[in-house]
Amino acid sequence: MLCLAIVIATGACGLVGLLQGRAGSGGIQGGQAGQAGEGPQAELTDSLSATVGYSTLRATSSTPNLAQGDLTDIERALARLRAEGINASIDLETIDRSLALSYRETAGYYSASSIKGLYAVALYQRRVDTGRVPLSSVQQTVEQMIENSDNSAYMSLWLRYRNNFLGAWLNDNNVSLGIYDTREDYLKKPYPTSTPEQLRQAWRSMYAYLTSNEGNSASLATFFQERSVSPIKDVIEAKGEPDVTSMSKAGWCPKNEGSDDEPASNDAGVVIRPHDEGKSYVVAIMSDASSDLDALKPLIKAVDDFVCSHHGPSV
């Protein structure tokens with residue numbers, strides 16, 4: 001069973017079509033919205049590491065249950081990507097903070113459409129829920145942007161409202177600066193370079209809001225559930241596990257000669273197992289694969305299997 005709340009970053013490139021979608025159905029259980037940030041951390045007492053290429057894959061747990069060989073499938077998935085000339089990174093943390101997994105989590109990648117998820121939540125929390133922007137003026141556009149990853153929808157919002165509120169939201173939720181020196185640098189372009197660490201941090205706060213039932217969070221959550229493109233969603237559904245819910249925003253971009261856009265295939269979000277925060281997680285998986293989200297699926301499955309098979313106390 002899939003057992004984590006995931007944050008995996010995926011990108012779409014350029015100014016492509018508007019997201020078109022329907023509000024989905026189905027409930028998600030969670031906490032209250034707020035400044036989730038990094039929050040109180042469970043004391044991590046056990047650790048495991050493996051070298052893949054020139055970097056270290058690390059797992060840390062609050063219980064002494066890590067065993068040699070636990071990381072083998074993840075190592076193999078990363079090695080296969082490397083053999084294909086693809087650099088990939090992971091940053092994951094369970095909702096109860098009992099388990100963390102990371103690999104090159106501070107490496108920068110073109111965010112592509114994964115940034116749209118952060119933008120949507122910040123827009124709702126800081127503009128729509130506060131009454132500064134009427135829900136009716138943005139709801140359909142946001143639905144298209146999230147469910148179908150419509151770039152035209154995103155750019156129409158970005159040009160209309162810009163993104164100063166996103167910077168304030170990132171600061172309030174203690175999201176790191178990533179590769180940039182200042183938040184202003186990060187906000188200069190609609191599609192910045194992001195790190196898996198940033199997306200994982202952001203998605204923990206996004207999860208808190210989207211499961212809070214505060215403001216217009218419930219309707220926005222359905223858009224993330226009903227997204228049309230997501231390797232995380234595909235992997236979870238293929239497992240056929242009941243009552244497992246996921247929300248994420250993927251991003252992808254092909255390699256185009258003469259374009260400033262870098263190739264990317266990312267997905268970031270949460271995987272939720274009701275009443276089991278030790279087997280729910282936020283995760284961000286980013287790569288420089290050229291618009292190939294399918295390439296990430298073996299890695300996503302290996303990561304989910306690792307968490308579900310070995311870790312997370314049931315509540």
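**Entry 1: strand E4 and its partners**

I began with Ala-59, which stands opposite Leu-101 in E4. This is a predicted model, so I read everything below as a prediction. Strand E2 (residues 55-61) and E4 pair in the antiparallel sense, and I found five bridges between them.

Next I turned to E3, which also pairs with E4 in the antiparallel sense, over four bridges. Two of the facing pairs went into my notes: Asp-91 stands opposite Ser-102 in E4, and Glu-93 stands opposite Ala-100 in E4. The hairpin of E3 and E4 has four residues between the strands, and there Arg-97 takes a positive phi near 65°.

How many residues of E4 (residues 99-103) are buried? I got five of five, so I call the strand mostly covered, with buried meaning under 20% relative accessible area. In a regular strand the side chains alternate between the two faces of the sheet. For E4 I listed Leu-99, Leu-101 and Tyr-103 on one side, with Ala-100 and Ser-102 on the other, and both faces are covered.

**Entry 2**

I then followed E3 to E9, and the two run antiparallel with seven bridges joining them. Leu-92 stands opposite Val-283 in E9.

E3 is mostly covered too, with seven of its seven residues buried. Ala-88, Ile-90, Leu-92 and Thr-94 point one way from the strand, while Ser-89, Asp-91 and Glu-93 point the other way.

Is Glu-93 buried or exposed? Its place is in strand E3 (residues 88-94). I read 4% relative accessibility for Glu-93, and because the cut-off for buried is under 20%, Glu-93 counts as buried. What does the side chain of Glu-93 contact? I found a polar contact with the side chain of Arg-204, at 3.0 Å.

**Entry 2: the nonpolar cores**

In soluble globular proteins, nonpolar side chains tend to be buried together. With that in mind I looked up the largest nonpolar core here, which has 53 residues. The residues with the most contacts inside this core are Leu-118, Val-142, Leu-210, Leu-220 and Phe-224. Helix H2 (residues 115-128) gives the most to this core, with nine residues. Another core lies apart from it and has 37 residues, among them Leu-57, Ile-86, Ala-88 and Phe-306.

**Entry 3: the cavity**

How many cavities of 30 Å³ or more does the structure hold? I found one. About 40 Å³ of space lies in the largest cavity.

I went through the lining next, and the residues there include Ile-146, Glu-147, Arg-227, Val-229, Lys-249 and Trp-252. Helix H3 (139-147) and strand E7 (245-253) each supply at least two residues of the lining. E7 gives the most, with four residues. By type, I noted that the lining residues divide into four nonpolar, four polar and three charged.

Terms used:
Residues are numbered from 1 along each chain as its sequence is written. This is a predicted model: local features need pLDDT of at least 70, side-chain atom pairs count only at pLDDT 80 or more; totals for chains, interfaces and linings use all residues. Side-chain values use heavy atoms; hydrogens and water are left out. On a 1 Å grid over the protein atoms alone, a cavity is a set of points where a 1.4 Å probe fits but cannot get out, and a pocket is an open set with protein on both sides within 12 Å along at least five of seven lines; lining residues have an atom within 4 Å of a point. Grid points are joined across faces, edges and corners, and a volume is the space filled by probe spheres set on the points. Ala, Val, Leu, Ile, Met, Phe, Trp, Tyr, Cys and Pro count as nonpolar, Asp, Glu, Lys and Arg as charged, and the others, Gly among them, as polar. Buried means under 20% relative accessible area, exposed over 50%, partly exposed in between (1.4 Å probe, protein chains only). A polar contact is a pair of N or O atoms within 3.5 Å; within protein, one must be able to donate a hydrogen and the other to accept it, and residues adjacent in sequence count only if both atoms are side-chain atoms. A nonpolar core is a set of buried Ala, Val, Leu, Ile, Met, Phe, Trp, Tyr and Cys residues joined through side-chain atoms within 4.5 Å. Two strands pair if DSSP finds at least two bridges between them.
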